[in-house]
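Have the viewer open as you read.

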Amino acid sequence: QNTTIAIMQSFASLLQHCAKHKPIFSGKAVHAQLIRSGFIPDVYTNNHLLSMYLQLGQMGYAQTVFDIMPKRNVITWTTLICSFSQMDLSEKALSCLRSMVLEGFLPNEHTYVGAISACVNTRAVSIGKEIHGRIYRTQDSLNSFVSNSLVNFYGKCELLKSPRLAFAAILEPNLVAWASLISCCFQCGQNEEGL
């Protein structure tokens, strides 16, 4: 048991290194070695494998890894959602969020930030509002990353009343929150309000 855990951690570290330093051939070699080893990767190792392929832009390999994963967790889904959002595959990111929720997983703050970013990219106002409503119903309090994302989302969609409400819900606004709100005002033509 301990040996298997140690081996999986070693593979995960190697995959992380490959993703960071971008040698796709090395990443594929580590993946091949993992298969040849006979060990069945745990969800932790599979998440690193998925993340590596996504970071290297290897969508086909990432999809294959995802499809054959025997177990998934919140990190699996969040990795997909955030990666798709960053790659301008926003509709795919939002589709993953729907699938995640349907499979019974509760999104975390990182999931929400990725999903809200996808809504910004596509100007999906109604979906963004649904996500905000879900956050409001399921989260005790909003962390600054989620709050800032909501302020930014409403501002980019030029809905000035909504970012003010999202901003008002922040207990201790930081510099990013203030900058997002000011930027929203200018984007909506409310220059005096911004100043």
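## A salt bridge between loops

Glu 103 counts as partly exposed, at 45% relative accessibility (buried is under 20% relative accessible area, exposed over 50%, partly exposed in between, with a 1.4 Å probe and protein chains only). Keep in mind that this is a predicted model, where local features need pLDDT of at least 70, side-chain atom pairs count only at pLDDT 80 or more, and totals for chains, interfaces and linings use all residues. Residues are numbered from 1 along each chain as its sequence is written, and side-chain values use heavy atoms, leaving out hydrogens and water.

Glu 103 pairs up with Arg 72 in a salt bridge (a side-chain nitrogen of Lys or Arg within 4 Å of a carboxyl oxygen of Asp or Glu). The count comes to one salt bridge.

| Residue | Relative accessible area | Class |
|---|---|---|
| Arg 72 | 23% | partly exposed |
| Glu 103 | 45% | partly exposed |

The closest N and O atoms of Arg 72 and Glu 103 are 3.6 Å apart. The pair links distant parts of the chain, 31 residues apart: Arg 72 sits in the loop between H4 and H5, Glu 103 in the one between H6 and H7 (helices are DSSP runs of H or I, at least four residues, and strands of E, at least two, numbered from the N terminus).

Now for H2. Its buried residues are Gly 27, Val 30, His 31 and Leu 34. They cover an arc of only 100° around the axis, which puts them on the same side of H2 (the arc is that of the directions from the helix axis to the C-beta atoms). Exposed Phe 25 and Arg 36 are on the face turned away from that buried side. Gly 38, with a positive phi near 85°, follows H2.
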